[in-house]
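Have the structure open as you read.

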Amino acid sequence: MRRLTGRVAGARVTAVFDVDTARAATVAAMAGAASHREADDVIDDPAVEAVLVASPGDTHADLVLACIAAGKPVLCEKPLASTSDAALKVVEAEVTYGRRLVQVGFMRRYDGGYLGVKTALAAGRIGEPLLVHCVHRNVSVPPSFTGDMSLTDSLVHEVDACRWLLDQEIVAATVVDVPHSPLALPQLRDPRLVLLETERGIVIDAEVFVNARYGYDVRCEVVGTTGTVALDAPSTGVVALEGGRVQALPMDWEARFGQAYVDELQAWVDAASQGTADGPSAWDGYAATAVAEAAVASRGARTKVDLAERPGLYSGESLP
């Protein structure tokens with residue numbers, strides 16, 4: 001809400017809902033907005049022209065379906081749905097509606113570092129891409145982070161970024177067992193190494209380590225036939241002293257991707273003002289969820305990604 005009201009042009013928050021109704025009312029008052037008692041009341045409010053969904057992942061699909069039924073553009077945080085079947089229903093509903101209304105919150109596409117990699121690849125500066133190295137490390141995760149969420153909630157960022165960078169679908173996933181950190185929560189297998197294969201044979205190795213402790217660290221390098229291109233993170237400055245060089249690392253996503261979230265919201269607001277959507281589509285949300293499902297099912301064995309046929313609504317886009 002602070003970003004929409006203070007850093008994004010053309011937006012005004014008019015209604016808010018949260019299950020913590022007292023907190024929702026406090027937040028709504030900061031923007032002079034109404035506080036509703038149900039999520040559907042926000043979607044149905046005539047004063048609301050577009051909807052941002054940032055609730056728990058297992059509620060996303062139903063809320064996005066309600067937005068499509070109401071004909072309102074919606075920015076849905078990732079994942080689009082907790083299962084590929086539910087995500088596919090969103091795709092089918094949008095296709096039936098006849099035009100794009102859904103943008104999925106894969107904000108890395110708006111990050112300067114990732115955009116630099118994308119530009120280099122599009123210009124052919126490293127020749128043909130052959131393989132991709134990805135790292136996704138968090139300081140820690142809360143106790144509510146359970147089971148395979150490192151795949152369904154964290155890996156999906158790498159999945160979407162690589163589909164976008166390479167302009168290819170991912171067709172198979174293999175989770176490789178590695179020693180697990182004794183500092184990780186008991187219910188987690190952490191870290192995890194995932195091998196992904198694209199439709200043209202490019203291999204992606206993605207390390208997901210959600211209890212790395214030392215800092216928030218996201219990396220991406222694409223290796224090509226004539227060179228490589230790597231993600232450049234914003235500089236935090238370097239201190240040289242006592243025979244060494246020290247560079248600070250962010251401790252969470254805010255410092256690393258804060259501007260990407262602003263730019264993502266601006267793109268969404270600009271598109272929503274025209275009654276449409278920008279950036280990652282419902283199809284992208286569906287494809288990322290399908291890959292995460294294959295990774296969860298892998299258990300060390302190569303597992304194919306089962307994708308439906310891509311509808312014509314999305315065929316006019318690159319990937320995307």
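## Ground rules

Two strands pair if DSSP finds at least two bridges between them. Strands (E, at least two residues) and helices (H or I, at least four) are DSSP runs, numbered from the N terminus.

This is a predicted model, where local features need pLDDT of at least 70, side-chain atom pairs count only at pLDDT 80 or more, and totals for chains, interfaces and linings use all residues. Residues are numbered from 1 along each chain as its sequence is written, and side-chain values use heavy atoms, leaving out hydrogens and water.

## The sheet

Seven strands make up an open sheet with mixed pairing, in the order S11-S10-S6-S9-S8-S7-S14. S11 (228-230) and S14 (303-304) sit at the edges with a single partner strand each, so one side of each has no neighbour in the sheet.

S10 (residues 217-224) and S11 run antiparallel, joined by three bridges. Look for Val-222, whose bridge partner in S11 is Val-229. Helix H7 (residues 149-166) packs on the sheet, touching S6 (129-137), S7 (170-176), S8 (192-198), S9 (203-209) and S10; contact here means heavy atoms within 4.5 Å.

## Two packed helices

H5 (residues 84-97) and H9 (residues 282-298) pack at about 165°, with axes 9 Å apart. Axes are lines fitted to C-alpha atoms, for helices over the stretch in contact, and angles run from 0 to 180 degrees between N-to-C directions. The pair is therefore roughly antiparallel (angles over 145 degrees).

On the H5 side, the residues meeting H9 include Leu-88 and Val-91; their H9 counterparts include Trp-283 and Tyr-286.

Notes: Parallel < 35°, antiparallel > 145°, perpendicular 65-115°, else oblique.
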